[in-house]
Amino acid sequence: MVLFLIILIVIIGLLLWKWLDIRSTDELTNALKLVSSGNGQHVLSNAFQVDEKSKRHGGELVASVLKAHDVEEIFVLCGGHISPILVAAEKLGIKIVDTRHEVTAVFAADAVARLRQSIGVAAVTAGPGLTNTITAVKNAQMAESPLLLIGGAAPTLLKGRGALQDIDQMVLFRPLCKYVARVERLRDIVPTLRQAIKAAKSGCPGPVFVEFPVDVLYPYELVVKEIGFNPNAKGFIQKVLNFYLRCHVSRQFSSAWIQQDITPLPTSIPMPKSEQIEEIVQLVKSAKRPVLLIGSQATLPPVKPTDLVRAVEALGCPVFLGGMARGLLGKDHPLQMRQVRRDALKDADLTILAGTVCDFRLSYGRTLSKKSKIVALNRNYSQLTKNEKAFWNSNVSIQADVATSLVQVANALGSNHSKPSEWVKTLREKDNEKEAANAKKMEQKLTNGFLNPLNFLKTLDQSLPDDAILVADGGDFVGSAAYIVRPRGPLQWLDPGAFGTLGVGGGFALGAKTVYPKRPVYIIWGDGSCGYSLMEYDTFARHKLPVIGIVGNDACWTQIAREQVPMFQSSVAVDLARTRYDNVAKSLGSWGETIDEQNVDETRKVLDEALAVCRSGEQSALVNVLIGKTDFREGSISV
């Protein structure tokens, strides 16, 4: 017992030496006397500069940093772990948008990040609240969206002791995020969040995660009350335990309210070198059949979309757009091709991969011509070189901002650049032929009594206003829409990206409508994918953020069925029902209508009414379209 007490005293002494910055044995002796008397509160408060009477809390520090970084909204699903953040943020004028599932909150923050060209923020509670976000965080990582996820956690002293919802959250998010941190002292809140937001926006953007134990967020008085002091401590060990707990909480709140810089840290973005730009310029000048493939990364700041459009027009190359770059050139730009990418790549003598990656979408690079010179531009080295040497080889490979590189190339070419007009004309003719063939398929009347999905999508495209934002969430129906429905301008198309995630619809639409409350937001859903987030119609109603949902209802996971049924002669697990999804929306306070063979002639009228309902600001709308099946996407990839 004596040995145990000696060891205990030594441990306490070392802790006091470290925590209190004790500089002499006399100071240590005095501190130990305070322990033995059970009366150490005063010296600890002075030593750690703790304001015991303050009603302030860590949530206020979190909110102040977000406000200083121009965060206008936080998407959340409530939980006691994070309540102080939500309350403090609302007091500072940051809008709190609560959802019906944590994954929706992160998808919404992702959409805000893309559309605002800045940081998107989501906050969820500990344990299952955070595990529910993992798919959306991974999607943001692969889509390169700068996103801050704030998560609650169990009290610091109960970590690993079986507290409610206590798991190792850091190990889950390290593989998914550019930066992860756990904050255990209030004075670390500000620098940690500033660093996290900088990391999210620097280099190749991506998600970051910051974990806040609950006792870092609540006021000092409440934390002291809940920490477990023994008010009647009599024995030495009980007094030591009390003193240890007092040291712990005092250290947490040490210098909590000292003035700190909360403004944004400067971000770093890789830029091209002048000699690299000159290499590309020479290749463009000598090319007769150049092709430009622009991916999502080209839409990232600092270059504005309008400046990027001018650069593309100065280059004069035929252009194919993917991901967030869809809509960059508007609805009917003469340089944009939609239908003949494979033919163009086969005949090209110069291929510029401007943020486009050689993954499954380009058959891992196998669709690129061996005779073509290839220029690759990407901020991410891994994406820049994906499958290189295996299926393709670059002539110029630059890890740099895509849009900046294209603008500098265009500037270097100058106004006397000879554009490949004959090559553009050739591809335009082929593209028009393909469009005409598709148009014939759109007019075919199906014999199964349901609508031709291609014809409906053509009508939908014709009905879209120029300010519409389109959210794509689905497989077969959405895959067809990608060829037929045309976004009208830059940053007016949102899809999950390379991860191919189903379920983004409700969250992406919520984020888009929050950024642009006066513009119509359309979700193009398959009937399978709509099931993931249909409940968010409740969120749209509560926050008065009306959207328009279009459900292509063929009672099937058709993209999977296209391969499974002929291959295995079985439709197990791919069949759905002709559910009245419009009635689900109605039950959540929205307007709804079904289009079938009985009212197909009123399709445009129904779509116009849905738009009018949405523009009124009173209700969301959902159009349930009973479609049949076509061979339009036979042979497409299903995963």
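Predicted model: local features only at pLDDT ≥ 70, side-chain atom pairs only at ≥ 80, totals over all residues.

Biologist: At what angle do H14 and H18 pack, and how far apart are their axes?
Modeller: The angle is about 60 degrees, and the axes are 9 Å apart. Angles from 65 to 115 degrees would count as roughly perpendicular and those under 35 as roughly parallel, so H14 and H18 are oblique to each other.

Biologist: Which residues make the contact?
Modeller: From H14 you have Ile277, Ile280, Val281, Val284 and Lys285. H18 brings Ser405, Gln408, Val409, Ala412 and Leu413.

Biologist: OK, now the open sheet of 5 strands. What's the strand order?
Modeller: S8-S7-S9-S10-S11, with parallel pairing.

Biologist: Why is one side of S8 and of S11 left without a neighbour in the sheet?
Modeller: S8 (319-321) and S11 (396-399) stand at the edges and have a single partner strand each, so one side of each has no neighbour there. On average, neighbouring strands of this sheet are turned by 10 degrees against each other, direction ignored.

Biologist: And where do the two helices sit on that sheet?
Modeller: H14 (residues 274-286) packs on the sheet and touches S9, S10 and S11, with its direction at about 140 degrees to that of S11. H18 (residues 402-413) lies across S7, S9 and S10, at about 130 degrees to S10.

Biologist: How many bridges pair S7 with S9?
Modeller: There are 5, in the parallel sense. Within S9, Ile352 stands opposite Leu292.

Biologist: Switching to the largest nonpolar core. Which residues have the most contacts inside it?
Modeller: Leu292, Ile294, Leu377 and Leu406, in a core of 56 residues. H18 gives the most to this core, with 7 residues.

Biologist: What does Leu406 touch, leaving aside its neighbours within four places in sequence?
Modeller: Leu406 is in contact with Leu292, Leu308, Ala311, Leu315, Ile352, Ala354 and Leu377. There's also a second, separate core of 49 residues, which includes Leu115, Val124, Val515 and Tyr537.

Biologist: Last one: is S15 buried or exposed?
Modeller: Buried: 6 of the 6 residues of S15 (residues 548-553) are, so the strand is largely enclosed by the rest of the structure. Ile548, Ile550 and Gly552 point one way, and Gly549, Val551 and Asn553 the other.

Biologist: Which strands pair with S15?
Modeller: S14 (residues 521-526) is joined to S15 by 5 bridges and runs parallel, with Ile524 and Ile550 as bridge partners. S17 (residues 621-626) pairs with S15 in the parallel sense over 6 bridges, and there Asn553 stands opposite Leu626.

Key: Residues numbered from 1 in each chain as written. Heavy atoms only, no water. Pairing = 2+ DSSP bridges. Helix = DSSP H or I, 4+ residues; strand = E, 2+ residues; numbered from the N terminus. Axes fitted to C-alpha atoms, helices over the stretch in contact; angles between N-to-C directions. Contact = heavy atoms within 4.5 Å. Core = buried A, V, L, I, M, F, W, Y, C linked by side-chain atoms within 4.5 Å. Buried < 20%, exposed > 50% of the residue type's maximum accessible area, 1.4 Å probe, protein only. Parallel < 35°, antiparallel > 145°, perpendicular 65-115°, else oblique.
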